[in-house]
Amino acid sequence: MPAKASKVTIADIAAEAGVSVPTVSKVMNGRSDVAPDTRQRVEEIIRRHGYQRRTDERYRKSNLLELMFHELESAWALEIIRGVERVAGENGMAVVLSESQGRLRPGQSWLENVLARRPVGVIAVFSDLSADQLAKLRARDIPVVVVDPVGEPTAETHSVGATNWQGGLTATRHLIELGHRRIAMIGGPQHVLCSRARVDGYRAALETAGLTVDPELVRHGDFHVEAGYKQLLPLLSLEDRPTAVFAGSDLQAVGVYEAARAAGLRIPEDLSVVGFDDLPVARWVGPPLTTVRQPLQEMAAAGARMAITLAGSGDVEHHRVELATSLVVRSSTAAYSGGR
């Protein structure tokens with residue numbers, strides 16, 4: 001039977017793994033100069049014993065919050081950064097930004113760097129950490145909070161999101177109430193949780209109104225401008241083209257604007273458009289964009305506070321927090337006139 005976690009020492013782990021105490025220390029600090037098979041053996045023993053090292057001068061955590069994105073190239077990410085920076089400042093902490101170059105799951109080098117930095121906690125945004133990565137962070141007593149998770153969070157995962165299904169429902173109902181019946185949906189990636197929820201909300205609104213969900217009108221992109229542009233073009237070539245479009249992000253809505261203009265269509269006279277996020281750009285495009293406000297800064301702040309709380313008391317009231325979305329009506333939507 002394994003020894004109790006409170007009684008296990010680094011020396012015990014070293015003896016069981018057949019390595020030296022300094023080698024165990026290197027593994028625990030995320031050093032790269034350890035053979036992969038040795039690292040795996042030591043990590044497995046640490047997890048099995050539930051070992052968490054004592055806090056002393058050598059192992060004291062830095063005063064950092066680790067904020068990790070899969071990509072950092074949009075205004076969406078800037079809103080998240082602002083929310084985390086605010087909470088970090090309130091708590092006398094600094095923020096370290098890292099990016100996984102577009103991959104939803106960061107690589108081994110990212111994990112090693114985090115373990116070496118020893119942050120108070122990790123806020124992973126629109127990312128999908130593996131069970132092994134989560135276990136390694138947990139073994140170092142580094143809590144992880146996922147903001148806008150890619151997949152369905154497990155019971156052990158702490159996460160913050162938004163009411164995406166309700167947002168999709170509200171956006172589509174707004175267009176239905178304006179008299180539109182041919183309403184297209186340009187969602188995000190099909191495997192991403194928030195995108196699926198927005199599309200499901202769109203479908204629910206149509207079905208509740210007694211309207212048929214036409215598969216031809218449902219398209220998927222990657223939440224970026226180019227996707228909105230490319231996905232609208234085949235929709236406009238349909239014999240019975242849509243009179244309204246619900247874009248799964250404000251950036252995709254900007255692409256929809258450009259494609260509509262290229263086709264000689266006016267917004268909202270010929271095509272009503274609703275976005276999702278309420279980024280600052282939504283107020284400045286022409287015409288100003290009707291959109292579903294996703295409280296990105298508040299979501300990020302909630303994630304940062306959760307990470308700090310977990311690092312302190314180790315307990316929070318809810319593992320999963322969802323903040324409310326709301327419709328912001330501007331000038332990109334209008335009543336359907338029946339003409340083309």
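Arginine 82 is partly exposed at 40% relative accessibility (buried is under 20% relative accessible area, exposed over 50%, partly exposed in between, with a 1.4 Å probe and protein chains only). The model is predicted, so local features need pLDDT of at least 70 and side-chain atom pairs pLDDT 80 or more, while totals for chains, interfaces and linings use all residues. Residues are numbered from 1 along each chain as its sequence is written, and side-chain values use heavy atoms, leaving out hydrogens and water.

**Salt bridges**

- The whole structure holds 13 salt bridges (a side-chain nitrogen of Lys or Arg within 4 Å of a carboxyl oxygen of Asp or Glu).
- Arginine 82 pairs with glutamate 79 at 2.8 Å, N to O; both lie in helix H4 (residues 75-90), three residues apart (helices are DSSP runs of H or I, at least four residues, and strands runs of E, at least two, numbered from the N terminus).
- Glutamate 79 is buried, with a relative accessible area of 12%.
- Glutamate 43 and arginine 140 form another salt bridge, at 2.9 Å, N to O.
- This pair links distant parts of the chain, 97 residues apart, with glutamate 43 in helix H3 (residues 36-49).
- Glutamate 43 is buried at 2% relative accessibility, and arginine 140 is buried too, at 5%.

**The sheet**

- Six strands form an open sheet with mixed pairing, in the order S7-S6-S8-S9-S10-S12 (two strands pair if DSSP finds at least two bridges between them).
- Its edge strands are S7 (218-220) and S12 (326-328).
- S10 (residues 290-293) runs antiparallel to S12, joined by three bridges, and threonine 291 stands opposite valine 328 in S12.
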